[in-house]
Every structure is written in structure tokens, then in C-alpha cells.
Amino acid sequence: MKIACLGWGSLVWDPRNLPLSGEWEKDGPMLPIEFARESGRKRITLVIANVPETVTSLWALMKVDSQAAAIDALATREDIKEENIQYSIGWWRKADGASNGRGAQTIAAWALAHNLDAVVWTNLKPGLKGSPNVVPQYTAVLRHFRDLIESGDHADAEAYVRKTPSQVMTPYRRRLQDDLRWTPIPT
């Protein structure tokens with residue numbers, strides 16, 4: 001089976017034990033991705049969100065023998081608890097056209113064009129602490145980062161933004177480059 005994993009953030013530069021076969025390809029599906037989720041270590045991370053602009057995601061084949069194994073491997077890498085996998089891991093399979101997760105229709109069309117049997121991706125919800133499931137305004141994201149800079153606690157948050165692949169140039173990222181000078185760094 002040809003099973004792909006999609007990536008746009010830390011999976012690309014820090015796959016850890018994710019069983020990938022080869023390098024990340026740069027011609028993944030165009031998806032509405034933005035820095036819209038407050039995650040661990042005070043980072044604002046990339047998620048598929050209800051935003052108007054799309055960016056090209058990345059993808060890599062996985063060394064697994066089933067879609068279930070791909071889902072489990074991605075959930076383990078993303079530290080997603082078993083009871084949350086159904087909500088937090090997106091998937092599509094060619095055999096019956098079934099899918100789950102944001103962006104599934106776009107991903108299915110892309111996957112068929114690439115002759116894939118299945119695709120998995122991280123399907124975490126957007127939101128800042130106290131405002132779950134809501135895409136934060138840019139001003140709230142900028143305020144979050146500026147508060148971290150002021151307290152001297154911004155290293156992880158800055159690294160996440162700057163290590164994001166250059167092709168994932170979201171509207172918020174363009175503005176962060178102007179406002180904070182957080183330009184891309186090679187990984």
C-alpha cells in the first residue's frame with residue numbers, strides 16, 4: 001500500500017520515530033493552514049483552519065503496512081491519546097473513498113492524482129487557551145508572542161515559526177516576519 005503522511009510544521013523538521021520512507025515532497029495538497037493553535041511549550045502551531053488563503057503542504061510516504069498502522073504512528077508522534085485519535089487524526093482511503101477530518105475532499109482529490117492508497121494528517125483544532133475551536137485574530141497571536149518575548153520565554157515559540165518550511169508562507173507568518181523579524185531558518 002502507498003500511504004502518505006501530510007506535514008506543514010514540526011513533523012517536517014522533527015519527525016522523531018514517525019516511520020517515513022524517503023524525504024518530504026513539496027507538492028502536497030493546497031490547504032487552509034494557519035498559525036492558529038496554542039500548543040505545548042507556549043507555541044502557536046499550524047493547523048488546518050477556516051481561513052481564506054491556502055498554502056502547499058508537504059508529504060512523505062510511510063513505511064507501514066496499513067492505514068491503521070499509519071494512524072497509530074502519527075498519533076504516537078503527535079502525542080495524541082487513544083480516545084482523541086478519531087478527532088485529531090485525519091485520514092482518507094482509496095478503497096472505499098471514506099475519509100475523516102478537515103480538508104478531506106481536497107486531500108482525496110490530490111491523493112487520487114498521486115495514485116495513493118491512503119493519507120493521514122494531523123487534524124488538531126484551532127484556538128487559543130480560553131477560546132477553543134476559534135481561529136484567533138492576528139492581533140491575539142502577535143500579543144501572545146510579544147508577551148513571551150517580554151518574559152524571555154519565547155525560544156520554543158520562535159523556533160517553531162522560523163523552522164516551518166519556507167513554502168508554508170501563511171498570512172500570519174508574513175506579518176510575523178515584518179512585526180517580529182522571525183524569518184525562516186533552514187532545518
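Helices (H or I, at least four residues) and strands (E, at least two) are DSSP runs, numbered from the N terminus. The model is predicted, with pLDDT of at least 70 needed for local features and 80 or more for side-chain atom pairs, while totals for chains, interfaces and linings use all residues. Residues are numbered from 1 along each chain as its sequence is written, and side-chain values use heavy atoms, without hydrogens and water.

The largest pocket has a volume of about 850 Å³. A pocket is here an open set of points on a 1 Å grid over the protein atoms alone where a 1.4 Å probe fits, with protein on both sides within 12 Å along at least five of seven lines; lining residues have an atom within 4 Å of a point. Of the 36 lining residues, Arg-37, Ser-39, Gly-40, Glu-78 and Leu-124 are the closest to the centre of the largest pocket. Strand β5 supplies the largest share of this lining, three residues. By class, the lining of the largest pocket comprises 12 nonpolar, 13 polar and 11 charged residues (Ala, Val, Leu, Ile, Met, Phe, Trp, Tyr, Cys and Pro count as nonpolar, Asp, Glu, Lys and Arg as charged, and the others, Gly among them, as polar).

The second largest pocket holds about 170 Å³ of space. Its lining residues include Val-12, Lys-26, Leu-58 and Lys-163.

Helices α5 (residues 138-151) and α7 (residues 171-180) have axes that come within 11 Å and cross at roughly 40°; axes are lines fitted to C-alpha atoms, for helices over the stretch in contact, and angles run from 0 to 180 degrees between N-to-C directions.

Conventions:
Points joined across faces, edges and corners; volume = space filled by probe spheres on them.
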